[in-house]
Amino acid sequence: MPLEDDELMIRAAWYYYVGGLNQEMTANRLGLTRARVNKMLSEARESGLVSISIDHQRVGVLPIEDLLSRRFGLDFCISTPAFGFHDASPADSDIRRQIAFRAVGVAAANHLKTLLAENDTITVGTGWGRTIEQMTLHLAGVRAPHARFISVMGSLTANNAYNPFEVVHNLARRTGAQGFFLPVPFIADSVEDKRVLLSQRSVVKAMEIAETASVCIISAGELTEESLLRSQGMISKAELESLRAAGAVGDTNGIFFDRDGRQVDHDLNQRTIALGFEQLKTLPVILLIAGQEKAEAAKALLRSGIVNGLIIDGDAAEAVALLE
């Protein structure tokens, strides 16, 4: 009887990663082509079936971790190695971003595994974005049925893997934990609409869980035409320009902040449904940063006083350290 694709993928992963067979040997053992084995191994990593753990303390990143920890008063900093993309051509920018997302995603997933192992009743607040999406993809081999995951912001209209609802759903599915989310939009149409939405019982309950999270894992975005907020049409070009005019340099969970890490006075900040900085300051917060283009936003958010731990790719870490 022929094996199902999932079972073939599992066997291929075992032969290659655990048994030490190369791709050609694995293909011969399974009666497949090497090209198909290569594709299966790639899918196994992407789906989270295979989780990669790297002892980062052996790759010479401790000095930059120590520097950033001391400069911003962090409890900890985890940096991946620098990949040397400082002079990368525009054509390589997508590859550079994908490597940064995956590297930070792996490091964040490993850190989250440790947190879940240390406290089986932990409540984890989560944000959104491609870096956090990668964390969910690399979280494998852990069961935490008594843990809870809760989105600390409203959901997007697009059904993307980095949507807060999908992030919580995937984390809960991979760990067997409970998942909760705010059943409201990311940005309300008006301040009055936001007030009405926040008064709903289901939203009140979700906010209560979010406000008592054991730890929050968030990311930050830059305010440029290439940012996720703009590429996904969540803010308009005019809104981007008005935010910049108000002094904003980045956002986290739709909260826009200036170079000193303070929330800017802007209409969007009044309508965003998410835990604000005053609430986040009462919780342990871990910031995930992937990509050199986020250096300015990362440094600003690190100045805000809400961040306790940082997980960052090496090139972005060097960029943050060099900023005045």
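G291 sits in the loop that runs between strand 9 (285–289) and helix 14 (295–303). Keep in mind that this is a predicted model.

**Around G291**
- With a relative accessible area of 3%, G291 falls under the 20% cut-off, so it counts as buried.
- Leaving out residues up to four places away in sequence, G291 touches A100, D313 and A316.
- A144 is another story: G291 and A144 are 147 residues apart in sequence, and their C-alpha atoms are 30 Å apart in space.

- L49 has a relative accessible area of 40%, which lies between the 20% and 50% cut-offs, so L49 is partly exposed.

**Cavities inside the model**
- Counting cavities of 30 Å³ or more, you get two.
- The largest cavity has a volume of about 160 Å³.
- That largest cavity is lined by 14 residues, and W128, A220, G221, L228 and K294 are the ones closest to its centre.
- Strand 6 (221–222), helix 10 (228–231) and strand 7 (248–252) are the elements that each give two or more residues to the lining of the largest cavity.

Methods:
Residues numbered from 1 in each chain as written. Predicted model: local features only at pLDDT ≥ 70, side-chain atom pairs only at ≥ 80, totals over all residues. Heavy atoms only, no water. Helix = DSSP H or I, 4+ residues; strand = E, 2+ residues; numbered from the N terminus. Buried < 20%, exposed > 50% of the residue type's maximum accessible area, 1.4 Å probe, protein only. Contact = heavy atoms within 4.5 Å. 1 Å grid on protein atoms, 1.4 Å probe; cavity = no way out; pocket = protein on both sides within 12 Å on 5 of 7 lines; lining within 4 Å. Points joined across faces, edges and corners; volume = space filled by probe spheres on them.
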